[in-house]
Amino acid sequence: MSANSVALAYLAAAVLFILTLKGLSSPATSRRGNQFGMIGMAIAVLTTLTLTHNWAYILIAIAVGGSIGAVVAQRIQMTAMPELVAAMHSLVGLAAVLVAMSAFNNPVAYGIALPGEMLHSSNRIELFIGTFVGAITFTGSIIAFLKLSGRMSGKPIRFAGQHWVNLGLGIVMVGFGVAFFLAPSWTPFLIMTAIALLLGVLLIVPIGGADMPVVISMLNSYSGWAAAGIGFTLNNNMLIIAGSLVGSSGAILSYIMCKAMNRAFLNVILGGFGGGDSAAAASGSDGVQKTYRSGSADDAAFLMGNADSVIIVPGYGLAVARAQHAIKEMSNALTAKGVKVRYAIHPVAGRMPGHMNVLLAEAEVPYDQVVEMDEINNEFADTDVVLVIGANDVVNPAAKNDKSSPIYGMPILEVHKARTVLVVKRSMATGYAGLDNDLFYLDKTMMVFGDAKKVVEDVIKALA
């Protein structure tokens, strides 16, 4: 292909990627957005293939990677999507590091230096930035994967002087980066890379489970910038554009997540809450035993079946129980009885942004029934019954009225304003933030204990 044809093809792919982001902004258009993304990526890959003669190696890599991806996509459970996303981010970071190493090892082959000449100063800066961002993304995403998958404790892991250690390592890393810029050689490059790999671990281990949605979106942003760095190294405009889109959109999403949790981005990175030791179940912070009211699935069915309006608040427990299809069937049964049913979605419900939206879309819940927090909070006071199923921290009234709570100020779904609240949980255990929930002890709240799917199925039988 000619240079003009390549530029035109990359421009078409870039436009499709922008349309992808636009489509993914709404569940109703997300499928079309995904289709735009796949078409754009196909154009970008095929165009890039015309620029190389090493077809055999590339096709083998595509075949192997594509096969693995296809198998994983078929087998992955919806509850495992957050850790899968983290794992994918780690691969992008690793790719950035390996490409930077390869380019530094043979800059002539990459067209960033002439035989016998030193790397241009701009290329040294690109390699430095691409390498340390990619390295931090790689190891940070691995830690996020281990925490999300339960292979590592979700509790914050801290030690004395941790922030100072991180700051010192960051300064030393930049110092070796400057040394690499002044006199390119393997020693400062490898030391800089090793420190960045270590920083990726140290930055994520102190972050608790409740802040994981922010970590996911943050790492998504990092992976985008790492990809953009690869684009500069490879002199590939398409990769620069795609990486920049991912990086900027991930940064915006991180901001939205922090706002939804009333958290500052630096506060999350420097000492996230969540997963710490908390009061025992059914016990307050002062050790005083609290009382709660419990009921059965039949009781829940009676209350919802005789209500005019029901709002369902899904959480991670819904995903763990794989109860999204059962909850859709229950909604249909209530609707048939003339009950108005809607779903209230908190921006950080689950383990990653949009987790609950994806679950409900998988069960083909009508999009007009799914309402975001800002739109539905004013309607809880006029709602007969709220069914909280698997959610915890995002409905905790302490965020509104307890200034001593770590989540004070965090916007929540104000389900405590409803006339009746039903909470489906396996036990009185705390949520991912490790905090007791005052909602469970209100006079208007009834706890229904059991597996979410089994409870909902029993409610369906009682409604029949």
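## Surface and overall form

The accessible surface of the protein comes to about 21,600 Å², and carbon and sulfur atoms account for 63% of it; accessible areas are computed by the Shrake-Rupley method with a 1.4 Å probe, and for residues only the protein chains shown count as cover. This is a predicted model, in which local features need pLDDT of at least 70 and side-chain atom pairs count only at pLDDT 80 or more, whereas totals for chains, interfaces and linings use all residues. Residues are numbered from 1 along each chain as its sequence is written, and side-chain values use heavy atoms, with hydrogens and water left out.

## The nonpolar patch

Ile125, Ile129, Val174, Val178, Phe181 and Leu182 make a nonpolar surface patch of about 500 Å². Patch residues have over 30% relative accessible area and no salt bridge, with like charges joined within 9 Å and nonpolar side chains (Val, Leu, Ile, Met, Phe, Trp, Tyr) within 5 Å; a salt bridge is a side-chain nitrogen of Lys or Arg within 4 Å of a carboxyl oxygen of Asp or Glu.

Helix H5 (121-148) and helix H6 (162-182) each supply at least two residues of the patch, and the largest share, 4 residues, comes from H6; helices (H or I, at least four residues) are DSSP runs numbered from the N terminus. Valine 178 lies in helix H6 and is partly exposed, with a relative accessible area of 41%, where partly exposed means between buried (under 20%) and exposed (over 50%), with a 1.4 Å probe and protein chains only.
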